[in-house]
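Here's a quick briefing for anyone meeting this structure for the first time. Have a look at the model, then read on.

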Amino acid sequence: MVDNKVIDGKLISSEIREKIKIFGEELKKKSGKTPGLAVVLVGENPASKVYVKNKTEKTKEVGFNSIEHKLEESVSENELLKLVNKLNNDENVQGILVQLPLPKHINSEKVLDSIKPEKDVDGFHAQNVGKLWSGLNSLVPCTPLGCSILVKKLASDLSGKHAVIIGRSNIVGKPMAALLLSMNATVTICHSRTKSLADVCKDADILVAAVGIPEMVKSDWVKKDAIIIDVGINRIERNEKKILVGDVDYQDCFEKCKMITPVPGGVGPMTIACLLLNTLLTSYSQFNQEAPDLTSILE
Ligand code: NAD
């Protein structure tokens, strides 16, 4: 599962999805209902289209209903809010995901905050964000949740460890910090205005890169035997081929680190598995069923 130095997110996520399917089947039998995940895609962003296609496929694979809504780039904010409201009140929908980024004329925060917190499988609603930072049970954003599952596999208690996160977005950096804090790490969040970034990173036992700059992190930024979680997904051209690389220079850092997530095949597949995990969780409560102990899903 965690083979030598490479943290195999593809394998770990497929095992998680298998277990979600088993729990989902039991829930369907008990409740007589099928969990439904609604995904809303606005416009023609090619990367978003690929993400939505993957999410839809994996949703069906675990036996959940996938409800897709594709809207024109020109859709008004009001129309989108109306659709979210409809999904909020739809008994067949247990989770709602509005794919980001949204076109510039739409206020993303307003849209995300219009999703019912109990159907907010992306964990972006202010109520869920507040709960996460307060250490309360909440729906947690999928990418950092996936990263935290990977880190937990290597070390469940990070007491005395320094975790450095590069990136302070609401989607990845900030919730990642909350999760690492809850695991007792001492957490530093870096961003575009951080001075001496390389020096800060060099002190990290756990280094999480979520920036969006191809191969920015080099080996001289990395402490020996650090655990590196590379969230970045960057499309670049190399040797006349289009390839995906992370925010970490994988080849350069491989020798020095203890463990590293590859790109692709590291954090990416974990994100979708966590989306399905969140949908399973929201389904238990909406079907009035007590959620069993789900820790086995994460072991
Ligand atoms: P974002 O653009 O919202 O945030 C980027 C962050 O990086 C910002 O906080 C910014 O301050 C920081 N930053 C920018 N330049 C910097 C610099 N020179 N030095 C230090 N910090 C700098 O991006 P995001 O949504 O958080 O995504 C980050 C990366 O993760 C992207 O490559 C994105 O594609 C990827 N991502 C992957 C997944 C996944 O499932 N694997 C999910 C979400 C995002």
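How many residues does helix H6 have, and how far does H6 reach from its first C-alpha to its last? Helix H6 covers residues 142-154, so to speak 13 residues, and spans 19 Å, close to the 18 Å expected at 1.5 Å a residue. (The expected span is 1.5 Å times one less than the number of residues.) Keep in mind that this is a predicted model, where local features need pLDDT of at least 70 and side-chain atom pairs count only at pLDDT 80 or more, while totals for chains, interfaces and linings use all residues. Residues are numbered from 1 along each chain as its sequence is written, and side-chain values use heavy atoms, with hydrogens and water left out.

**Domains**
- The chain is assigned domain 1 (30-116) and domain 2 (142-268), with bounds that come from an automatic or database domain assignment.
- The centres of domain 1 and domain 2, taken over C-alpha atoms, are 28 Å apart.

- Three strands form an open sheet in the order E4-E3-E5, with parallel pairing; strands here are DSSP runs of at least two residues (E), helices are runs of at least four (H or I), and both are numbered from the N terminus.
- Strands E4 (65-71) and E5 (95-98) sit at the edges with a single partner strand each, so one side of each has no neighbour in the sheet.
- From one strand to the next, the twist averages 15 degrees.
- Strand E3 (residues 36-42) pairs with E5 in the parallel sense over 4 bridges; for two strands to pair, DSSP has to find at least two bridges between them.
- Val39 stands opposite Leu97 in E5.
- Helix H2 (residues 46-61) lies across E3, E4 and E5 and runs at about 160 degrees to E4; axes are lines fitted to C-alpha atoms, for helices over the stretch in contact, and angles run from 0 to 180 degrees between N-to-C directions.
- Helix H3 (residues 77-88) also packs on the sheet, touching E3, E4 and E5, and makes about 175 degrees with E3.

- H6 is mostly covered, with 10 of its 13 residues buried (under 20% relative accessible area; over 50% is exposed, in between is partly exposed; 1.4 Å probe, protein chains only).
- Among the buried residues of H6 are Cys142, Pro144, Cys147 and Val151.

**His162**
- His162 is found in strand E6 (residues 162-166) and is buried, at 14% relative accessible area.
- Leaving aside neighbours within four places in sequence, His162 is in contact (heavy atoms within 4.5 Å) with residues including Thr186, Asp203 and Ile206.
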